[in-house]
Amino acid sequence: MTHILAIDQGTTSTRAILFDETLTVIASAQEEFDQHYPRSGWVEHDPSDLWSTTAATCRAAIEKAGGTTDDIAAIGITNQRETTLVWDRTTGKPVFNAIVWQDRRTSEVCKTLKAEGFEEVVTDRTGLLLDPYFSGTKLAWILDNVDGVRARAEAGELAFGTVDTWLVWNLTGGKVHVTDATNAARTMLYDIRKGRWSQTICDKLGIPMSLLPEVKDCAADFGETRPDLFGRAIPICGIAGDQQAATVGQACFKPGMMKSTYGTGCFALLNTGDTPVTSTNRLLTTIAYQLDGKPTYALEGSIFIAGAVVQWLRDGLKIIREAKETQPLAEKADAMQEVVLVPAFTGLGAPYWNAECRGAIFGLTRNSGPEEFARAALESVGYQTRDLLDAMKADWSGTSETALRVDGGMSASDWTMQFLSDIIDAPVERPKVLETTAMGAAWLAGYKAGVLPDMEAFAAQWEVDGRFEPDMAAEVRDRKYGGWKRAIEATIGFAG
């Protein structure tokens, strides 16, 4: 058995990818699922959609590869992080919809806790900031707002998990309640230095510790699937949150190496080695991966809206029918117009962390049209990435000469990657295999199962497909980025 089945459960779709022993893609399947927006700033998923699309895509990928699981040595899982679920331990039935990482309903709770001075405690233990983004206040909201849930939780009847935990629970038929260190590190409940759940934070938020899953390494024994799911029981041997899985897939194993993933949001991680670096620029300190009980730490900057801005052009403004139309439009934009789009549709992430901001656009003229909107949308991703990298350089000096490794759907756009290189004034490297998130999960599982090479040999396989060098005049770069910073200030000012 030499194949690995990787589950990539994302914010808008679920994919299953079957890799062979050379980490070549053998087969894949993908399904989108509905997004639910019950109120402004609220985002939910139906938990059954997360599970049903996972089971369906796994079966579809297996079918495409010949319909047998005889060659599959293990399963690896990577997932949208921070999304919060609570379910009944006996029936497996969720008590509420999954509250998605983008959801901002706990903004006021976070403000109150900050005013009480609790953010210092949160940052010291978890490396995170007090923000609705993370799972902790989402879980507290479910306990406080869904009838009967708190009493059931205190009686030990319920289980909490991020999406990885929910999937493992269902894959194993309710036998295993686990997570890995990278997902635990995003809950705002996990002490990343001591490697355990924080009693102090749980007590403050009113969260019974009995709700929480067991935390394991990224490459570990997470149980095995129900035999009836795929024809036989398959071991689950790897789990990592999507951005950490992409860091592994990009082979960013040495301190100073950076990657940025462009999916629904944009997430940049900088490997800082075995020491957690405390940010003075409102970045997050997190766990990049954990192997053999030893965590490797990272600085992370999170942007809420990247690829989602292209979805907005398609679904909101309806000026494109497919994402690939954005680049040709941007290329035709009037060079004399300086249209700036701040895509703060669900607030601003790092390094601003303003949950009250909403999207804004500046510099419109009567001649502004789809071309200028498309260019401004793509440029917003570059500007936000520079915000993150500037903050990382200020926090940790080891980043100065490092190329940025990129992946995710938007990285396929040469125009966008060239602008990114221009605006950050640094090389950008795109790998031959863009499925880095799934590949990271596959390597973790395959490494644990003994069918894939060790870290050093895996890193040696990484190959560059496209390298983009900065080619923008310094004066132009400074003018354009200065316009972005003014637009950010105005957007924050408007939010009050």
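Arg81 is found in the loop that runs between strand E5 (72-79) and strand E6 (85-88); strands (E, at least two residues) and helices (H or I, at least four) are DSSP runs, numbered from the N terminus. The structure is a predicted model, in which local features need pLDDT of at least 70 and side-chain atom pairs count only at pLDDT 80 or more, while totals for chains, interfaces and linings use all residues. Residues are numbered from 1 along each chain as its sequence is written, and side-chain values use heavy atoms, with hydrogens and water left out.

Arg81 counts as buried because its relative accessibility is 2% (buried means under 20% relative accessible area, exposed over 50%, partly exposed in between; 1.4 Å probe, protein chains only). Leaving aside neighbours within four places in sequence, the contacts of Arg81 include Trp101, Tyr133, Asn183, Arg186, Asp242 and Glu300, a contact being heavy atoms within 4.5 Å.

## Annotated binding site

The unreviewed UniProt entry places the feature "binding site" at Thr11, Arg81, Glu82, Tyr133 and Asp242. The lining of the largest pocket includes Thr11, Arg81, Glu82, Tyr133 and Asp242. UniProt positions are given in the numbering used here, feature names are shortened, and annotations may be inferred rather than shown by experiment. On a 1 Å grid over the protein atoms alone, a pocket is an open set of points with protein on both sides within 12 Å along at least five of seven lines, in contrast to a cavity, where a 1.4 Å probe fits but cannot get out; lining residues have an atom within 4 Å of a point.

Asp242 lies in helix H10 (residues 242-249) and, at 16% relative accessibility, counts as buried. Not counting residues up to four places away in sequence, Asp242 touches Thr78, Asn79, Gln80, Arg81 and Thr437.

## Salt bridges

A network of salt bridges links Arg81, Glu82, Arg186, Asp242 and Glu300. A salt bridge is a side-chain nitrogen of Lys or Arg within 4 Å of a carboxyl oxygen of Asp or Glu, and by this rule the count comes to 34.

Another salt bridge joins the side chains of Glu379 and Lys480 (3.3 Å, N to O). Glu379 lies in helix H13 (residues 370-395) and Lys480 in helix H17 (residues 474-495), so the pair ties together parts that are 101 residues apart in sequence. Glu379 is buried at 4% relative accessibility, and Lys480 is buried at 10%. Also in helix H17, Arg479 and Glu475 lie four residues apart, about one turn of the helix, and form a salt bridge with their closest N and O atoms 3.4 Å apart. Arg479 is partly exposed at 41% relative accessibility, whereas Glu475 is exposed at 52%.
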